[in-house]
Amino acid sequence: MKPSELPAVIAIHTLQCLRQQAPLVHCLTNEVVQTITANTLLALGAAPAMIVEPEEAAQFSAIADALLINIGTLCHQRATAMLEAIAAARVAETPWVLDPVGVGALHYRSNFARLLLTMNPAAVRGNASEILALAGITSAGRGVDSFDDPLQALPAAQELAKQYDAVVVVTGALDVITDGFRTWQIEDGHPLMTRVTGIGCALSAVAAACCALPGERLDHVAGACRLIARAGRLTAAWATGPGSFSTGMLDELYRLCGENLQ
């Protein structure tokens, strides 16, 4: 059965909560996308922090409202920091989000991501190939590039969500968001979003921020997807290329309101 389209009222509520709560998000993310991740959170009203020293990472996860784990530029030292941060987050009951960048393409990160899955992430966000690979299904991915359709990955996402009690997000030309029982679909955004590094990674950080909000987690995570997709669509209407799009999207995120989310 085809998923239902996310109602605008849910995304509007998520945006209002995000700006009211201003969650502090500890981002253990890849080195390529730290700036766009921080700026995206700030534009939407959340607060970013990037603490990578293992001892400090553990301390800070107990302070933060949410934790993002993005394995894009994974190395042994960063893996140690991630494990320390997750352990502290679990003790503090801080929700954390896994972004399994490049899973399926390389063995070390694939095994590490599957280990992290057993540590109770609140949500998992990846492209179709990454989600399929995370579920142990052969995919057509090439690193961070996906050649699989999000709806093709939906059954795997639903099984992962049920098995690990997490919200699973599959992003692509359309986004599907599921807790294994209910599923939302978002058809928004623009192809120009794929020409700018880090938008998917920034979405994962916003999803982490939204996991800290009171209310229905599935709806808030789906709301995060709609916020990023709609800002991309609005930006593409006037941007002249990836350069103006990259900076312009921050302005559109900052200007998002109920009217332009309809």
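In the predicted model, His76, Ala79, Met82, Leu83 and Ile86 of helix α4 are in contact with Tyr108, Phe112, Leu115 and Leu116 of helix α5. By class, the residues of this contact comprise eight nonpolar, one polar and no charged. Helix α4 spans residues 76-92 and helix α5 spans residues 107-117; their axes come within 12 Å and cross at roughly 5°. Because angles under 35 degrees count as roughly parallel, α4 is described as roughly parallel to α5.

Helix α4 also packs on the sheet, where it touches β2, β4 and β5. The direction of α4 makes about 155° with that of β4. A further helix, α3 (residues 54-61), lies across β2 (24-28), β3 and β4 (66-70). Helix α3 runs at about 155° to β2.

The sheet itself is open and is formed by nine strands in the order β1-β9-β8-β7-β6-β5-β4-β2-β3. The pairing within the sheet is mixed. Strands of a sheet pair through backbone hydrogen bonds, either parallel or antiparallel. The edges are formed by β1 and β3 (47-49), each of which pairs on one side only.

A parallel pairing is found between β5 and β6, which are joined by two bridges. In this part of the sheet, Leu98 stands opposite Val124 of β6. Antiparallel pairing is found between strand β7 (residues 167-171) and β8, with three bridges. Val170 has Val176 of β8 as its bridge partner, and the two strands are connected by a hairpin of three residues. Strand β8 also pairs with β9 in the antiparallel sense, over four bridges. Here Ile177 stands opposite Trp184 of β9. The hairpin of β8 and β9 has four residues between the strands, and Gly180 in this hairpin takes a positive phi near 95°.

The two faces of β8 can be considered separately. In a regular strand the side chains alternate between the two faces of the sheet. In β8, Asp175 and Ile177 lie on one side, and Val176 and Thr178 on the other.

Asn120 is placed in the loop between α5 and β6, and is partly exposed, with a relative accessible area of 46%. Asp165 likewise has a positive phi, near 50°. Asp165 belongs to the loop between α7 (154-164) and β7, and its relative accessibility of 71% counts as exposed.

Charged side chains were examined next. Side chains of opposite charge can pair when their charged atoms come close. The structure holds nine salt bridges. In one of them, the side chains of Arg226 and Glu5 meet at 2.9 Å, N to O. Arg226 is buried, with a relative accessible area of 5%, whereas Glu5 is partly exposed, at 36%.

A salt bridge is also formed by the side chains of Asp99 and Arg125, at 3.0 Å, N to O. Since Asp99 lies in strand β5 (residues 96-99) and Arg125 in strand β6 (residues 123-127), the pair ties together parts that are 26 residues apart in sequence. Asp99 is buried, with a relative accessible area of 0%, and Arg125 is buried as well, with a relative accessible area of 7%.

The side chains of Glu216 and Arg182 form another salt bridge, at 3.7 Å, N to O. Glu216 is located in the loop between α8 (199-211) and α9, and Arg182 in the loop between β8 (175-178) and β9 (183-186), so parts that are 34 residues apart in sequence are tied together. Glu216 is partly exposed, at 40% relative accessibility, and Arg182 is partly exposed, with a relative accessible area of 35%. Through shared partners, salt bridges also join Glu5, Asp188, Arg226, Arg230 and Arg233 into one network.

Methods: Residues are numbered from 1 along each chain as its sequence is written. This is a predicted model: local features need pLDDT of at least 70, side-chain atom pairs count only at pLDDT 80 or more; totals for chains, interfaces and linings use all residues. Side-chain values use heavy atoms; hydrogens and water are left out. Axes are lines fitted to C-alpha atoms, for helices over the stretch in contact, and angles run from 0 to 180 degrees between N-to-C directions. Angles under 35 degrees count as roughly parallel, over 145 as roughly antiparallel, 65 to 115 as roughly perpendicular and the rest as oblique. Contact means heavy atoms within 4.5 Å. Ala, Val, Leu, Ile, Met, Phe, Trp, Tyr, Cys and Pro count as nonpolar, Asp, Glu, Lys and Arg as charged, and the others, Gly among them, as polar. A salt bridge is a side-chain nitrogen of Lys or Arg within 4 Å of a carboxyl oxygen of Asp or Glu. Buried means under 20% relative accessible area, exposed over 50%, partly exposed in between (1.4 Å probe, protein chains only). Two strands pair if DSSP finds at least two bridges between them.
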